[in-house]
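Thank you for making time for this one.

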Amino acid sequence: RVIPKDGIQLSLIKEMEDMIHFELDFWRDVTGVATPVDVRVPFHSLQSVKIYLETQDIEYSIMIEDLQEMLQNHVILYRCLCIKSRIVCLVQIYSFQDMLVAENPNLVSKIVIGQSYEGRPLNVLKFSTGGTNRPAIWIDTGIHSREWVTQASGTWFAKKIVTDYGTDPALTAILNNMDIFLEIVTNPDGFYYTHNNNRMWRKTRKPNSGSSCVGVDPNRNWNAGFGLPGASSSPCSETYRGPKAESESEVKSIVDFVKSHGNMKAFISIHSYSQMLLYPYGYTRTPAKDEAELHSLAKKAITDLASLYGTRYTYGSIIDTIYQASGSTVDWTYNQGIKYSYTFELRDTGRYGFILPANQIIPTSQETWLALMAIMDHTYKNPY
Amino acid sequence: MGLRIIVVLAVLMGVTGSPTTTVRPETTSVDTAAHPNSIPETAEETGQNEVFSEEEAAEDVMATGELNPNHYPAQRAAKVVQHYLTTRYGSPYRLFGLHRVHSGNAEDVGDSGRKYQLEISVHEIISNTTQKCSAEVFFPHGQKQESPQVQASCEELLNISTKAQEEALYQQYKMNQTLLSAQNLPDSHGHIEPDVKPLWHLGIVASSFIMLKESSENTLYNMAQVANITQLETENEQLKFDCHTLLHDMVSQEILHWKLLFAWSPAEGVKVLQMEQLPHCQHCEKPPNTN
């Protein structure tokens, strides 16, 4: 936080904004003398900015020392500062990702797999201890933007992985042999929209030609049973499948990534709410070839989940357990040969629904992690 | 935004299966065939890919006989029981959630509809107690949308008395100089101030009348949020509220906006006076939640 004392300092601070190499993000803009200016300073610019301010005798104070630490405070995980129209929440998660990479360069790297409709980066964190194209596990959160507990949990999982590698034997064994890919904000346009316009927004933000309604349901846009009952053909519907399969860049980017990777062994897509663990199919009642194994693994996973706080999950195929859904993510991944394809529906069962209280984020993340570990462990121990 | 037909109802607590009809306002070209209806369950699963046109999908052949308690047919029927119990017994200090479905059975009643028999556990949220109930839910199948009819008997539903708390709240509201008003309950982050919690609970009870009335085998309703609840002047003993509520239907994933006028007193419970669905407005965005 910077407080300009006089007109000269004011213009000096304004000049900083133009210094592109600093890559400063003004959370609270320059308005007048003695009015605070809040700036987010990326790590690489910190020293330079400090020196600049000190040599000009400009007062500053550091509000948030460690973004990571801040993100661990579950209240702030939710309560992103939404100043004016700035994408601060998204920025915080992006900063967190960068910081995680910077602090764990031998384990974490960031891959940009594409761009959202509105041009936001689609970031995937890769957790790897080496090798070349090792068998891998994919986890995504936030494909439906209003399901805020999922992006928050994704952030928690990222931190959990770097913390547990080297200390938890099970995770260490997995990472010594496999890679983990984690996409935290799978629908960034929608996420931004839920913060600044409509808390209940689910879809992407791509306009639909010939309609005033915006957006496609990214979980009906995959090329599995596309066009069959279980999705809508109306752009105004929350389950609009889109003009064609993979029409959404948020979906196409993952498709391209998974295909070119070619060695995904598990694929887990995380939603809320309902407290369910689901496996394919959603578009047909024909059981998946591996249903018996998927069913018993699901049972193990939700038993482990319940062991922490007693949270009860139901489990089964999508079409039996929740509803018929066509063009959904894990139906496509399963048909690609990724056997361990699962969809989670996290807390709760309807009392709060999408607006789950912040104090439930960490318990939800903790219990869900146990289920994820069960699936990842099984995947590791049952190569195919 | 033109007002749709207002349905004037005097819904008394304890009246099961509301006999009134509602003219549903037109929604902006929502594809009714888009409802993810189940495809017919074939006893002989040969593994061939069943391809159905949108029209065929409207043929709703749901499971009958003994039901898997974890699958959606029993779960949806059980959720209706939750709404029924809330309308009948709910108050600012008594709210119900569906805890678990133990068993279920469904049978067709000629052409008139389908009847579900369920053994469930319900959770009384405020006292944090769980108890078993036996319930019957009848979904009429007709030309026009009709509400389900519910009968339920639970072990000790009213064992924990809330009369004293309700009376205290009632007096507090009655003696208030200003009329109460609150928005976004809970807020975007799931937070709700303790002093407005009773208003949230009142909104939930009142909304349960809508959720009960609108339920079918192809819906699963939960509260999304109370957008606005405002106390109104009354001439009588009842407290009166105007409420804008957001409901979430899990099956269509839509957020439905409803406006409600309801009365409450400890003696009479919650009575819905008017209910009206607001049009699905794609352009009407709420101002950002500044929290």
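Predicted model: local features only at pLDDT ≥ 70, side-chain atom pairs only at ≥ 80, totals over all residues.

Let me begin in chain A, where the buried residues of helix H7 pack against strand S6 (121-127), strand S7 (136-141), helix H6 (148-164), strand S8 (179-183) and helix H13 (361-381). Helices here (H or I, at least four residues) and strands (E, at least two) are DSSP runs, numbered from the N terminus. Which residues of H7 are the buried ones? In this helix, which covers residues 169-177 of chain A, they are A:Leu171, A:Thr172, A:Ile174 and A:Leu175, where buried means under 20% relative accessible area, exposed means over 50%, and partly exposed is in between, with a 1.4 Å probe and protein chains only. Seen down the axis of H7(A), these buried residues fall within an arc of 160°, so they line one face of the helix; the arc is that of the directions from the helix axis to the C-beta atoms.

Residues are numbered from 1 along each chain as its sequence is written, chains are lettered from A and ligands numbered from 1 in the order in which they are written, and side-chain values use heavy atoms, with hydrogens and water left out.

How confident is the predictor? For the complex it gives an ipTM of 0.81 and a pTM of 0.80. The pLDDT, which is the predictor's confidence in each residue from 0 to 100, has a mean of 88 in chain A, where 82% of the residues reach 70 or more. Over residues 70-79 of chain A, however, the pLDDT is below 50, and it also stays under 50 over residues 81-88. In chain B the mean pLDDT is 81, and 75% of the residues reach 70 or more. Residues 1-60 of chain B have a pLDDT below 50, although this stretch has 110 contacts in the model beyond near neighbours in sequence, a contact being heavy atoms within 4.5 Å.

As for the overall make-up, chain A has 13 helices and 12 strands, and buried residues make up 63% of its 384 residues. Chain B has 4 helices and 11 strands, and 51% of its 291 residues count as buried.

Staying with chain A, please find A:Asn221, in the loop between helix H8 (188-196) and helix H9 (249-261). Is this residue buried or exposed? A:Asn221 is buried, with a relative accessible area of 0%, and a polar atom of its side chain lies 3.1 Å from the backbone oxygen of A:Lys244. Among the residues that A:Asn221 touches, not counting those up to four places away in sequence, is A:Glu246. A:Glu246 is in the loop between H8 and H9 as well, is buried at a relative accessible area of 16%, and has a positive phi of about 60° although it is not a glycine. Most residues other than glycine have a negative phi, and most peptide bonds are trans. Chain A also has a cis peptide bond, which joins A:Pro280 and A:Tyr281 with omega of about 10°.

Turning to chain B, strand S7 (residues 181-185) contains B:Leu185, which counts as buried at 4% relative accessibility. Leaving aside its neighbours within four places in sequence, B:Leu185 is in contact with residues including B:Ile192, B:Val196 and B:Trp200. B:Leu185 and B:Val196 are 11 residues apart in sequence and 8.2 Å apart in space, C-alpha to C-alpha. The peptide bond from B:Leu185 to B:Pro186 is cis, with omega near -15°, and B:Pro186 is found in the loop between S7 and helix H4 (197-214). Also in strand S7 is B:Asn184, which has a positive phi of about 50° although it is not a glycine, and which counts as partly exposed at 21% relative accessibility.

Finally, B:Ser147 lies in the loop between strand S5 (129-140) and strand S6 (149-154) of chain B and counts as buried at 9% relative accessibility.

Conventions. Polar contact = N/O pair within 3.5 Å; in protein donor to acceptor, adjacent residues only side chain to side chain.
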